[in-house]
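User: I have a model open and want to learn how to read its features. Can we take them one at a time?

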Amino acid sequence: FNILKVSLVRDSNGSPLPLLQCIEKELTPEEIEEYACDACKQKCTTTKSVSIWRLPKVLIVTLKRFTPMGTKDTTPLNYDGTPLNLSPVFSSESFEESKQKHYKCFATVDHHGSHMGGHYTAQALSPVWHTWHLYDDESVHPIQEPKYGHSTYILMFR
């Protein structure tokens, strides 16, 4: 895979958890009741667990901004742009090289508006000039650094 879908989670005080903790929560084992077992053909409780074995060179993290109820989740993204070490979410049995890599954000897609409509912009690091730019329809403006927050929708890491 190259896309990881992540819910933004708040702590008991209502503060948004850091991005890595949100990813860890997304991959927390989940208990499923009334599971129809293929082996014994009976209903039982089982655990679904997901862990990462290997990551791609480019990882796309999509934040689950739109709820099944048709509203937009405006929880601010708690991420400061530092390289992301994803080794805590890897399978303990994985010895893949990507387990040791640190992923650096090189672009974002931001959604401004509601679930009924809105506007998309992008922030991207130029591979030529190594500077950040804001892309908004036909206009492109240099920016000092990307802004992560309640509009951040997609992050691209390398």
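User: Is Ser 91 buried or exposed?

Analyst: Keep in mind that this is a predicted model. A residue counts as buried when its relative accessible area is under 20%. Ser 91 has 12%, so Ser 91 is buried.

User: Where is Ser 91 placed, and which residues is Ser 91 in contact with, leaving aside neighbours within four places in sequence?

Analyst: Ser 91 belongs to the loop between β5 (84-85) and β6 (102-103). With those neighbours set aside, the contacts of Ser 91 are Ser 51, Ile 52, Trp 53 and Lys 99.

User: Now the strands. How do strands of a sheet pair?

Analyst: They pair through backbone hydrogen bonds, either parallel or antiparallel. Here, β7 (residues 105-114) and β8 (residues 117-125) are antiparallel, with 8 bridges. They make a hairpin with 2 residues between them. Across from Ala 107 is Ala 124 in β8. His 111 faces Tyr 120 in β8.

User: What is the bridge partner of Ala 124 in β9?

Analyst: That partner is His 133. β8 and β9 (residues 132-136) run antiparallel, joined by 4 bridges. Their hairpin has 6 residues between the strands, and His 130 there takes a positive phi near 60 degrees.

User: What is the order of the strands in the open sheet?

Analyst: The 7 strands follow the order β1-β4-β11-β7-β8-β9-β10, with mixed pairing. β1 (3-6) and β10 (139-143) are the edge strands, each pairing on one side only. From one strand to the next, the twist averages 20 degrees.

User: Which strands does helix α1 lie across?

Analyst: Helix α1 (residues 19-26) lies across β1, β4 (59-63) and β11 (152-157). The helix runs at about 90 degrees to β1.

Terms used
Residues numbered from 1 in each chain as written. Predicted model: local features only at pLDDT ≥ 70, side-chain atom pairs only at ≥ 80, totals over all residues. Heavy atoms only, no water. Buried < 20%, exposed > 50% of the residue type's maximum accessible area, 1.4 Å probe, protein only. Contact = heavy atoms within 4.5 Å. Pairing = 2+ DSSP bridges. Axes fitted to C-alpha atoms, helices over the stretch in contact; angles between N-to-C directions.
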